[in-house]
Amino acid sequence: MRLHPDVSMTDTDDGTVLLHQRTGRYWQLNVTGRRVLHRLLEGDTPETVADGLAAAHGIDPQRARQDVGSVIEQLRTAELTVAS
């Protein structure tokens, strides 16, 4: 996964802000969303990211996989990311 060419990203104390320069729309991710996005951009698989979240936060691994899948779908639907 990689950012769409028209998207810029800025990390903040509270998470990450993504700006789609073509549409002028922006999105804000919380700290957990930032971790998910950064790990995916670094090449980790969704399953690896979810397993890490489950272990770090003591949540059900299946729930973490669903949550990571939801984040990925929302990023793609908003045209913030593209498959690499």
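1. I59 sits in the loop that joins α2 and α3 (helices are DSSP runs of H or I with at least four residues, strands are runs of E with at least two, and both are numbered from the N terminus). This is a predicted model, where local features need pLDDT of at least 70, side-chain atom pairs count only at pLDDT 80 or more, and totals for chains, interfaces and linings use all residues. Residues are numbered from 1 along each chain as its sequence is written, and side-chain values use heavy atoms, with hydrogens and water left out.

2. Leaving aside residues up to four places away in sequence, I59 touches L53, A54 and A64 (contact means heavy atoms within 4.5 Å). I72 is 13 residues from I59 along the chain, and their C-alpha atoms are 19 Å apart.

3. Now look at H20, which belongs to strand β3, residues 15-20. H20 counts as buried because its relative accessibility is 1%.

4. Which residues does H20 touch, not counting those up to four places away in sequence? They are H4, D6, V7, R25, W27, A78, E79 and L80. With E79 there is a further detail to find: the side chain of H20 reaches the backbone oxygen of E79 at 3.4 Å.

Technical notes:
Buried means under 20% relative accessible area, exposed over 50%, partly exposed in between (1.4 Å probe, protein chains only). A polar contact is a pair of N or O atoms within 3.5 Å; within protein, one must be able to donate a hydrogen and the other to accept it, and residues adjacent in sequence count only if both atoms are side-chain atoms.
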